[in-house]
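Visitor: Could you walk me through this model? I would like to start with the overall fold and then turn to the chain contacts.

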Amino acid sequence: MKAVLLIDFGSTYTKLTAVDVEAEAVLGTAAAYTTVQTDINDGLNKGLRLLEEKIGKVEFSECFACSSAAGGLRMVTSGLVPELTGEAAKLASLGAGAKVVGIYAFQLTEEDLEKIAKSKPDIFLLVGGTDGGNTECILHNAKMLATLDADFPVVVAGNRTAARECEKLLAGKQVYICPNVMPKFGVLNIEPTQKQIREIFLNRIIQAKGLSKVSDLLSDIMMPTPAAVLQAMELLAQGCEGESGIGELVAVDVGGATTDVYSIADGMPEHMNTVYKGLPEPYAKRTVEGDIGMRYSIQGIVDAAGLDEVSRLSGLSPERVGELVEDLKCHTDKVPNGDPELEKLDYALASMAIREAVTRHAGTIEETYTMMGLTYVQSGKNLTNVKQIVVTGGSLIHTKRTEEIASYALYSPAQPTSLRPKQADVWVDRTYILAAMGLLSSHYPQTALRIMKKELEYHGNSK
Amino acid sequence: MQNREKKVLVIGVIGADVHAVGNKILYHAFTEAGFEVVNLGVMVSQEEYIAAAIESNADAIVVSSLYGQGELDCRGLRQKCDEAGLKGIPLVVGGNIVIGKQTFEDVEKRFKDMGFDRAFPPGTAPETTIEALRELLHMDGETA
């Protein structure tokens, strides 16, 4: 046996997954409250004790960790045009596993600066202009940022012509220059920036957040948790040497505060008569819906779906839904636990959370009549041919209706313009191993992939 | 990568117009003539021209229209450019920009009243447009 320990320092729970890489099997999992306020080791040690109770004493030969503790990796971005470099900056940050707490476009104002100071980002991503294009905006914004008395590092990934000047303007701050996120109109180049963000996360932020005090057992904290999940999903879709993947996929994690959606798919137009509009999106794309969550963001789900729809799906009266929602807002740790009313409500809420979050993630298509006949205009990713959906999150795991809920990620004739998957197999991550497998994949890709294929529960074809 | 010694043009076919051939010819002709060209392709909205022109710090916007609805599609573009901070950016339009029996002088006058700097009738050779752009962008004597 060769045991490896994988740790996810989450915002609430520190989750441990023990894996035997020789047998390619999960030995056991355990979770304990994250204790980042006092000493992060308290929570970790408690988790280790729980794990030991389950699987006995195990010598771990290696140990890897990811973290979203202490607020995760908080980023603020500023670009020029919202749909172009503004969007590119957002895509780059989300794909790097960040929690984007502020998005700005055009020239920053005094008010913006006040808000930025208050939101206390871990990293600021400054972009704007294609290479050789507009320099005015990014230089103005660099000047403005320089006046802020805050010590967050700034990643500059805009018009290369202005990069040096930005560095000079920001003298005294930690500045990292990266290639432009949009070097030419409509061309994305976000990987170098993501790599830089991850490096800063490792070298600087982990320490600043008191996460570096973790026991000697740990080699290092490798990445933010969402980046680990994205890595796991890429591996599951594409496979690696010696082990094939399951093909293009969409993954949804419905949490208490947010809903994360990942798509590993090309998503470009299928037909000749379709014109693509807007920024091309990355093959591995992550979005986060901050207003869609089962407890802290429960109101966002009701607002997006409508009270009547939640009432219809749950079979509860609108008044009762209202009452229960108010109650859950105050008692965010409440779970159905057999209560039939809460089970019905959570079913409706989770279904709507998935529908809303995947709709926002997926691209759209519109019909236009031209002199040449019917033409289609697509923006965002076309996921209609994606055949695999991976779901996780408490509301999907602790229910018998997982597949029914997951089917709300699919294309619906009621929303014909939304390019969601037409038909897909559903895989359920019942043991929360996705982040752990992302970590494991850095060193043992084949093993991580085989374990995922084994551990994810297959739910057949959702129609 | 863009070379800022070159003048930057944003080009595309406006509205619900899918005529792609002329657009490709213009792209090659302008590039050949030494311009840096941001080509938005077909079915371009006014907002897309403006967004691309802002990011690329364009020197001019060249609008094509082949399907006869150009006048409707082009209305308000100048005002939107002003609003977006692209004050005074040269706007050029060409193609089958209107339908029906009209003298081109009338058509040209209407487009100039809408804020376009130049309007070209059907069958204009790319060289003519290139010449006009050189003049508009004060490139006399330069190769491009």
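Predicted model: local features only at pLDDT ≥ 70, side-chain atom pairs only at ≥ 80, totals over all residues.

Visitor: How many residues does the globule rule use for chain A, and what is the radius of gyration?

Guide: Chain A has 15 helices and 21 strands, taken as DSSP runs (H or I, at least four residues; E, at least two) numbered from the N terminus. For 463 residues the globule rule gives 23 Å, so chain A is as compact as a globular protein of that length, with a radius of gyration of 23 Å. That radius is taken over C-alpha atoms, and the rule is 2.2 Å times the number of residues to the power 0.38.

Visitor: What separates the centres of domain 1 and domain 2 of chain A?

Guide: The bounds come from an automatic or database domain assignment, which gives domain 1 as 3-70 + 209-218 and domain 2 as 74-202. Taken over C-alpha atoms, their centres in chain A are separated by 34 Å.

Visitor: Which helix gives the largest share of the side of chain B that touches chain A?

Guide: Contact here puts C-beta atoms, placed from the backbone, within 7 Å. By that rule, 17 residues of chain B are in contact with 21 residues of chain A. The largest share on the chain B side, 5 residues, comes from residues 46-56, helix α2 of chain B.

Conventions:
Residues numbered from 1 in each chain as written. Chains lettered and ligands numbered in written order. Contact = placed C-beta atoms within 7 Å.
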